[in-house]
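Please consult the sequence and the coordinates alongside the text.

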Amino acid sequence: MAKQEKVRKRILVIGGDGIGPEVTRWGRRVLEAVAEKYGHEFIFEEGLMGHAAIEATGDPLPEDTLSKARQSDAILFGAIGHPKYDQDPGLKVRPEQGLLRIRKELGLYANLRPIKLFDELLAASSIKPEVLQGADILFFRELTGDVYFGEKKKAEDGSWASDLMIYHTYEVERIARRAFEAARQRRKTLCSVDKANVLESSRLWRATVQRIAADYPDVKCTHMFVDNAAMQLIRDPRQFDVILTANLFGDILTDEASQIAGSMGMLASASIGDGTGFYEPIHGSAPDIAGKGIANPLASILSVALMLQIGFQLQEEAEAVVRAVDQTLKAGYRTVDIADKHTPNHMMVGTDGMGQQIIRFLS
Ligand code: NAD
């Protein structure tokens, strides 16, 4: 889209629980700053989800939030979760039900997680800088299938429980096509991660990806078992370009890969389907730091960059946000999770201090 074209978009903001609202506030402020700078019109609405929604309405995804979501062009989400539910797995109404349901209702089948290390944070990772430098991975994690949605069973006497790991070919096909398309725009390499040596659903996954790969002869497609992938990610992350994987494997591998980016507080994600996209940090509600004003808002701000790029095709605006993050880090500003005493000019800031610097560089 040409620079001078102005867009008008409706954005639903769902802060959620814990640090969710604290960081999402800055995601929204960044969107406001982008609108002002580039002359776009972003119309904001707010919605409840998770524990906050259960407290207010008894429902983790109230009808009001869902209907606003359906009318929006994009959703900016924070995080859900509260220790109350983590300590009592028996509670029937749970915050994560809201998240799972909104993904299902909006048909969000692909979760995109770019893993890219800002040079300034090389020292903040627990992995050696020479292993990390230049790593740039785009994960495609499937979102609607797998053990999360398969049939769940439990013995009356509590002696066993099971979750069905299930995939349908159409679910694998549609995300595989998205991943191959993305690989075409990048370094034309796609690694599909599964456990086809032992799992039937993984064998279906692999056969389907192989079939789709035939339509993308310009993309080099490889397959890797998930246990090996977990090891290779840390041993040599630069070997990967696009990683395509199922819901459960993707959940675990992307958290592992967050260490490549320095912190959970740096990683953004986009969940997409054929309609409204959902943009969120990969981290949770972080109850250990909630209310202390120290949460890193950069994952939320980078989620906004993904919204601009993927949701609204505003490439220049998206790059401006990423550049503002880069400049802020170069200037030495650090939240506690990415603090590193080796940075000579490093300045500790809280959530608001970090957000303000981003707005300053952006404007
Ligand atoms: P978490 O991501 O909330 O926190 C893990 C660790 O990373 C914590 O030490 C936390 O302080 C730190 N951290 C996370 N985000 C940070 C940020 N922006 N800045 C600085 N530090 C940050 O994961 P958890 O502790 O396993 O889960 C806490 C709650 O969040 C649980 O209730 C869980 O169910 C929920 N959860 C929600 C989502 C989601 O909403 N998408 C994702 C994961 C976990």
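The model is a predicted one. Two packed helices are described by the angle between their axes and by the distance between those axes.

**Helices α1 and α11**

- Helix α1 spans residues 20-38 and helix α11 spans residues 298-311; their axes come within 8 Å and cross at roughly 45 degrees.
- The two helices, α1 and α11, are therefore oblique to each other, since an angle under 35 degrees would be needed to count as roughly parallel and one of 65 to 115 to count as roughly perpendicular.
- The crossing of α1 with α11 is right-handed.
- On the α1 side, the contact is made by V23, T24, W26, G27, V30, L31 and V34; on the α11 side, S300, I301, V304, M307 and L308 take part.
- By class, this contact between α1 and α11 comprises nine nonpolar residues, three polar residues and no charged residues.

**Helices α7 and α8**

- Helix α7 (residues 169-184) packs against helix α8 (residues 200-213) at an angle of about 45 degrees, and the axes are 9 Å apart.
- The relation of α7 to α8 is therefore oblique.
- Helix α7 passes α8 in a right-handed crossing.
- From α7, the residues T169, V172, E173, I175, A176, R177 and F180 meet L204, W205, T208, V209, R211, I212 and A213 of α8.
- The residues of the contact between α7 and α8 divide into nine nonpolar, two polar and three charged.

**Helices α9 and α10**

- The axes of helix α9 (residues 226-235) and helix α10 (residues 247-257) come within 10 Å and cross at roughly 15 degrees.
- That angle makes α9 roughly parallel to α10, because angles under 35 degrees count as roughly parallel.
- The crossing of α9 and α10 is right-handed.
- In this contact, V226, A229, A230, L233 and I234 of α9 meet F249, L253, E256 and A257 of α10.
- Sorted by class, the contact of α9 with α10 has eight nonpolar residues, no polar residues and one charged residue.

**Surroundings of the ligand**

- The ligand is surrounded by 21 residues, of which the closest are I80, D86, G284, A286 and D288.
- For G284, a backbone N or O atom lies 2.7 Å from an oxygen atom of the ligand.
- For S285, a backbone N or O atom lies 3.1 Å from an oxygen atom of the ligand.
- A polar backbone atom of N296 is 2.9 Å from a nitrogen atom of the ligand.

Notes:
Residues numbered from 1 in each chain as written. Predicted model: local features only at pLDDT ≥ 70, side-chain atom pairs only at ≥ 80, totals over all residues. Heavy atoms only, no water. Axes fitted to C-alpha atoms, helices over the stretch in contact; angles between N-to-C directions. Helix = DSSP H or I, 4+ residues; strand = E, 2+ residues; numbered from the N terminus. Parallel < 35°, antiparallel > 145°, perpendicular 65-115°, else oblique. Left-handed = near helix turned anticlockwise from the far one by under 90°. Contact = heavy atoms within 4.5 Å. Nonpolar A, V, L, I, M, F, W, Y, C, P; charged D, E, K, R; others polar. Near = heavy atom within 4 Å. Polar contact = N/O pair within 3.5 Å; in protein donor to acceptor, adjacent residues only side chain to side chain.
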